[in-house]
Amino acid sequence: MSRPLPDFDTLLDDIAAEARKSIGRGKVADYIPALARISPDKFGMAICGVDGSEYVTGDADERFSIQSISKVFTLILALQTIGSNALWRRVGREPSGTAFNSLVQLESEQGLPRNPFINAGAIVVTDAITAHSVSPVLQLLSLVRRFSGKEQIYIDDVVARSEAEHGHRNAAIAHLLKSQGNLKARVEDVLVTYYRQCAIAMTCRDLARAFVPLANGGKQWESGEKLMTPLRVKRINSLLLTCGLYDGVGNFAFRVGIPAKSGVGGGIVAIIPGKFSICVWSPELDELGNSLAGTRALELFARKTKLSIF
Ligand code: DON
């Protein structure tokens, strides 16, 4: 297999060593108790090129909870299920400038969430797949397996249950959305799907592979199968750039300059269009809920390789 950028192996090791110095300055997510048990010392990175070439370092083959990174897969499935026009009538495409789990705008903006990545928007997107399928989670898993090329991708039930038991803010958001007429399925059903999608467990390598279509005009990393149109790819990458890291998105764009999606499990996946996708995992988060050492690693990567979208 061709290795277009052979120095990536040592580069990733160097970046890992430097980014690891930030460990100890953040905090592992504890509002989902099952996530609080993860060792803050974990650190992995994986790159998957549009030609299938791969580069990894550290704990790149250890599974972690993908959390909000799942919102990208759900968005793709919802767009396939109800179509672009129907979905974008129910969710906006603007950065929120508020925390990912905020309820404030939802009340003042009559139940139209700002974007599909804040929890309110993601819950509407999850409703779109839940209201149109008897087994939305299986459909989502099958999409993730197809995108990543790996059959053995599962949900961590302990994490899903743990979030369900403590998910009072998400329940509040879902009930508010229901009262505002922007939820079609039963609140309980939407929340079950939502917690299960967030609890999908994947490795850095799996996620880097699964996001290659966003770097490659919609084509799967291994087979070249066309999974999305270039228009959809452009739109999703634009949303990642403007909304992928919540109220930290401006600072992330300033420091890194690459479209990306984070999750409170400590993962971040980023896209260099035409070249590769890159995933980093480090469980400690900054105060906005994005991986602290993960952000540092991507900043170092963009700086050292001079690769960003600008
Ligand atoms: O709904 C939640 O709060 C979590 N299941 C997902 C939040 C998340 O990952 C935000 N990302 N940085």
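The legends below describe close-up views of a predicted model.

**View 1. Packing of helix α3 against helix α7 in the predicted model.** Helix α3, which covers residues 70-82, packs with helix α7, which covers residues 136-148, at an angle of about 110°, and the axes of the two helices are 10 Å apart. Because angles of 65 to 115 degrees count as roughly perpendicular, α3 and α7 are therefore described as roughly perpendicular to each other. On the side of α3 the contact is made by F73, T74, I76, L77 and Q80, while α7 contributes P136, Q139, L140, L143, V144 and F147. Sorted by class, the contact of α3 with α7 holds eight nonpolar residues and three polar ones, with no charged residues.

**View 2. The crossing of helix α9 and helix α10.** Helix α9 spans residues 168-179 and helix α10 spans residues 187-198; their axes come within 10 Å and cross at roughly 135°, which makes α9 oblique to α10. In this arrangement, α9 passes α10 in a right-handed crossing. The residues that make the contact are N170, A171, A174, H175 and K178 from α9, together with V187, L191, Y194 and Y195 from α10. By class, the contact of α9 with α10 has six nonpolar residues, two polar residues and one charged residue.

**View 3. The largest cavity.** Rolling a probe the size of a water molecule over the atoms shows where empty space is left. A search of the whole structure finds six cavities of 30 Å³ or more, and the largest cavity has a volume of about 60 Å³. Its lining is formed by T98, A99, S102, L103, Q105 and L106, along with E109, L112, P113, R114, I118 and A120. When the lining of the largest cavity is divided by class, seven of its residues are nonpolar, three are polar and two are charged.

**View 4. The largest pocket.** The largest pocket has a volume of about 230 Å³ and is lined by 14 residues. Among these lining residues, A29, L285, D286, E287 and G289 are the ones that lie nearest the centre of the pocket. By class, the lining of the largest pocket comprises eight nonpolar, two polar and four charged residues.

Terms used: Residues are numbered from 1 along each chain as its sequence is written. This is a predicted model: local features need pLDDT of at least 70, side-chain atom pairs count only at pLDDT 80 or more; totals for chains, interfaces and linings use all residues. Side-chain values use heavy atoms; hydrogens and water are left out. Axes are lines fitted to C-alpha atoms, for helices over the stretch in contact, and angles run from 0 to 180 degrees between N-to-C directions. Helices (H or I, at least four residues) and strands (E, at least two) are DSSP runs, numbered from the N terminus. Angles under 35 degrees count as roughly parallel, over 145 as roughly antiparallel, 65 to 115 as roughly perpendicular and the rest as oblique. Contact means heavy atoms within 4.5 Å. Ala, Val, Leu, Ile, Met, Phe, Trp, Tyr, Cys and Pro count as nonpolar, Asp, Glu, Lys and Arg as charged, and the others, Gly among them, as polar. On a 1 Å grid over the protein atoms alone, a cavity is a set of points where a 1.4 Å probe fits but cannot get out, and a pocket is an open set with protein on both sides within 12 Å along at least five of seven lines; lining residues have an atom within 4 Å of a point. Grid points are joined across faces, edges and corners, and a volume is the space filled by probe spheres set on the points. A crossing is left-handed if the near helix is turned anticlockwise from the far one by less than a right angle, and right-handed if clockwise.
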